[in-house]
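Trainee: I am new here and would like to talk through some charged pairs. Could you show me what we are working with?

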Amino acid sequence: MQSHGATVTRSPQEITPAGEEIRAWNASRLYRWLLVAPIAFIGLFFLWPIMSVIHRSFVDPVPGLGNYERVLFAGPYLKSLWITLQTAAIVTVLCLVIAYPVAYVMARARGNLFALMTAMVVTSLWTSVVIRSYAWMVVFQRRGVLNQALVATGITEHPVNFLPGTLAVNVGMVHIMLPFMILPLLANMRSIDRSLVLAAGVMGASPWAAFRRVFLPLSIPGISAGSALVFMMSLGFFITPSLLGGPRHMMAAVMIEQQANRLLDWGLAAALSSVLLLLTVSIYLLYLRVVRHAEGGFAHAR
Amino acid sequence: MAERGARLTLSGVEKQYGKVVALHPTDLEIEPGEFFSLIGPSGSGKTTLLGTVAGFTPPTRGRISVDGTDVVAVPPYKRNIGMVFQNYALFPHMNVFENVAFPLRLRKLPADVVRERVESMLQSVRLPHVGNRMPSQLSGGQQQRIALARAAVYGPRMLLMDEPLGALDKNLREEMQLEIKAFHGQVDATVLYVTHDQDEAATMSDRLAIMNNGRIVQHGTPRELYEHPRNAFVACFLGRANLFRPIDGVESTAGGYRLSVKDDVILNAVSARTGAFTEREAVICVRPEAIRLESPDFKGDGNGTNVLRGTVIDAVYTAGTLRYQVDAGTGSPVSVWLPSVRQSEMLAAGEPVTLAWPANATLLIPEE
Ligand SMILES: Nc1ncnc2c1ncn2[C@@H]1O[C@H](COP(=O)(O)OP(=O)(O)OP(=O)(O)O)[C@@H](O)[C@H]1O
Ligand SMILES: [Mg+2]
């Protein structure tokens, strides 16, 4: 390289006299100033409310750990957190099981068919969650279509009380969360080079072996992103459980709303919120660790 | 060396996608252990033909047999064929060792056999120390060698390669050509190789086939194809060819044909084909290195040597060869390549020249 004397370029530092440090124009300095507005926004409307909720959980109505004692040792609070975790887990697994084949087929589609399929997934996001939850109420009602069908076909003798109940909450939430699982999976699967699967086949892998040893491992980033998204959204989900859930399936967000708005127990609501937040953040950190570990090899591969 | 690879026979193999015919009915026989290349322009059906042999492009019609057994109904994973893809198709989630071990693990070989075979394979592609690396940590040429190792590690008797060097730069490509050739000597496999680089095909192959529009136009040894192209397409595809179109009829003579390409210029030509040609379907092909320069008063030597006068319009020197473009009033300029050791000085543009070449280097071939 050095031998091409005429074409060697020198950095400005080399040319300036020794000792004189140059302050070159630097894009990152500009970007730093551009960050001020968003940081202020997040601080004001995001961090500050969270801080004040956490603060309130320790001082309302009297300073101390009283609210946390109640959350952990009294009443239905701990159980509600447990139900929340359980529901989020079930919804995530169901979404994954349903979304994986859907995304698999979509990822292979081309042109108009692909546009149509994507539109079908995305339009469901445009309909309000409230409306979709009410729609499930209509389905699950005592005189709803589901019960009518069950009685008409003789599967049950009398209508079943689906509402309020666990089944209704799970079904409703899976319906609402499904796009959030499909889209990350789809993005990931479309980036998987299908010739790898063909190559595996030529080398002797049956279609199932090629899927299990090549396609499935390559789709793990999509699986983990979709699962994390759905799981964490489910933890704080409010509308569907509040419409379909009732007292026997009381999820944390519904419980918090009750404490704050109906019982005006702001301290307890704040403590519950803080515990839920802590739970979500820890699960997110756990997820990051797992993903980093699983992608150890991938990190270089991308 | 008891086995030298599989014999591959295609008879009437055809592939249609709806109304598009990607491969017209094709017959081809490749001998055991042969290095056979398919070349042709983009979209000529090379990958399609390869795909029918590999098994992921089921042919619409026809028989494909490997060592006499029809494999059309056999799924790819049971054909025991090795394949190297243009984009390497290394698994990004496995390290190099696992990539090469993959076909062996599928065959449920014991761990020590796997280790031994993978290591000896990495040795023979001259990359013994990269087993722990991920494919993305290798250079293009190294990835290509790993792909080669992976395709051959399970001892397939048929190796398919679809433009394996297409993504490499020129120097590396030439190095890898020699390496693949040497590799072919080590493994006992018949190689079916796709490229659209004619030099690559000529360097590496025992025989090659030229494809165009879903058909094999001609196949044979590189020399046969170069010296006896069947038609103008083959002549132009392999190397450089000067084509002349006759302006009048083609006249049959004792030793060949006579035809005129310009007022007062009659050329003597030979043809592999016998019988009459009409001027509409025939062209004359002369290779640029068959032409020599003569003195301005040269009138021919009575042996049927063809003479053509013109003016130099471009002169270029490249690595030992002088390349002239000469305007002789016969349509497109005539290329003339001369070894520079036999030419003391280079002619400049505008200078008059007299070109001459023997009748037997003047091939009369069909246009189509
Ligand atoms: N899946 C497909 N559907 C429809 N047409 C196809 C399909 N695959 C290939 N073809 C068509 O078949 C013809 C031959 O394609 P093929 O891929 O065999 O060409 P090729 O010689 O390998 O070209 P290249 O040098 O560009 O790789 C092309 O006209 C192509 O458009
Ligand atoms: Mg191709």
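**Charged pairs in chain B**

Mentor: Let's start with Glu179(B), which counts as buried at 15% relative accessibility; buried means under 20% relative accessible area, exposed over 50%, and partly exposed in between (1.4 Å probe, protein chains only). This is a predicted model, where local features need pLDDT of at least 70, side-chain atom pairs count only at pLDDT 80 or more, and totals for chains, interfaces and linings use all residues. Side-chain values use heavy atoms, with hydrogens and water left out, residues are numbered from 1 along each chain as its sequence is written, and chains are lettered from A and ligands numbered from 1 in the order in which they are written.

Trainee: Which residue forms a salt bridge with Glu179(B)?

Mentor: A salt bridge puts a side-chain nitrogen of Lys or Arg within 4 Å of a carboxyl oxygen of Asp or Glu. Here the closest N and O atoms are 3.0 Å apart, and the partner is Arg145(B).

Trainee: Is Lys170(B) buried or exposed?

Mentor: Lys170(B) meets Glu174(B) in a salt bridge (3.3 Å, N to O). With 54% relative accessibility, Lys170(B) counts as exposed.
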